[in-house]
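Have the viewer open and follow along.

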Amino acid sequence: MHPRAAAVLAALSLTLLAATGCAAEVKGTATADPNATQEASDPTTTSRKPPASTANSKPATPTKPQQQGAVKIGTKKKANGLEICGVLKAADIEAATGGKSSADGGCIHTTTGPSAVITQIVTVPDIADQDGEKKQIEIGGNTAWQVAAGKEDCQVTVILTDDPTVITSAFSVSVLAIDDLDTCATALKLATEGFNRIPNA
């Protein structure tokens, strides 16, 4: 069994055991202690602290994550209204990896022959805070980034638009290989395929 799967099963088993132990039935009736002293309730006193003033509190304003370097847009794409996990289909995944995909659409595809996990998503261009070797490239005249966390783990993210009102302004593909697979070349091929499929603005 895979170590990660074993750990998940062990944690789940402990959770179920704890829940079963807490659910044991206790027989009997509850009675008040006759020697207990009841304090008189005084409506003018309370042990609660007054709530902190919220006069100066303001709701957090969502901000776009910091990008890595300057952004070039050669082809402005439609970013609003896209199905965030539906740009690529199983046939695209299979053509790029040479394997068999277990799903037709969706954010996560697992393949066999070679074994890999591919994720796709229309997302925020969060590049600067990612760990790995970063390389700025272009797809369709637009700025893109390749982030390689290792030989078996690579992500390619391409910017779809420079419209400041669009939050999810990037398309990202990540490839995590279990078998031998050129993850960065595969991620680039899939990100390019997805970019070309997204309508122009």
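What you are looking at is a predicted model.

The protein has 3 helices and 7 strands. Read from the N terminus, the elements follow the order α-α-β-β-β-β-β-β-β-α. Of the 201 residues in the protein, 30% are buried. Among contacts with a separation of 6 or more, 57% are made by residues 24 or more positions apart.

Now to the helices. Two packed helices are described by the angle between their axes and the distance between the axes. For α2 and α3, the axes come within 9 Å and cross at roughly 145 degrees. If you zoom in, you will find D92, I93, A95, A96 and T97 on the α2 side, meeting T186, K189, L190, E193 and R197 of α3. Sorted by class, this contact of α2 with α3 has 4 nonpolar, 2 polar and 4 charged residues.

Next come the covalent links. The structure holds 2 disulfides, and with bonded cysteines counted along the chain they follow the pattern 1-2, 3-4. One of them joins C85 and C107, with the sulfur atoms 1.4 Å apart. This pair links distant parts of the chain: C85 sits in the loop between α1 (3-22) and α2, while C107 sits in the loop between β1 (100-101) and β2 (108-112), 22 residues apart. Are these two cysteines buried or exposed? C85 is buried, with a relative accessible area of 13%, whereas C107 has 26% relative accessibility and therefore counts as partly exposed, since the cut-off for buried is under 20%.

The other disulfide is formed by C154 and C184, whose sulfur atoms are 2.1 Å apart. The torsion about the S-S bond of C154 and C184 is about 95 degrees, so this disulfide is right-handed. Because C154 lies in strand β6 and C184 in helix α3, the pair ties together parts that are 30 residues apart in sequence. Both C154 and C184 are buried.

Let's finish at a glycine. G74 is placed in the loop between α1 and α2. With a relative accessibility of 52%, G74 counts as exposed, because the cut-off for exposed is over 50%. What does G74 touch, leaving aside residues up to four places away in sequence? Its contacts are G140, G141 and N142. G74 and T161 are 87 residues apart in sequence, and their C-alpha atoms are 9.3 Å apart in space.

How values were computed
Residues are numbered from 1 along each chain as its sequence is written. This is a predicted model: local features need pLDDT of at least 70, side-chain atom pairs count only at pLDDT 80 or more; totals for chains, interfaces and linings use all residues. Side-chain values use heavy atoms; hydrogens and water are left out. Axes are lines fitted to C-alpha atoms, for helices over the stretch in contact, and angles run from 0 to 180 degrees between N-to-C directions. Helices (H or I, at least four residues) and strands (E, at least two) are DSSP runs, numbered from the N terminus. Contact means heavy atoms within 4.5 Å. Ala, Val, Leu, Ile, Met, Phe, Trp, Tyr, Cys and Pro count as nonpolar, Asp, Glu, Lys and Arg as charged, and the others, Gly among them, as polar. A disulfide is a pair of cysteine sulfur atoms within 2.5 Å. Buried means under 20% relative accessible area, exposed over 50%, partly exposed in between (1.4 Å probe, protein chains only).
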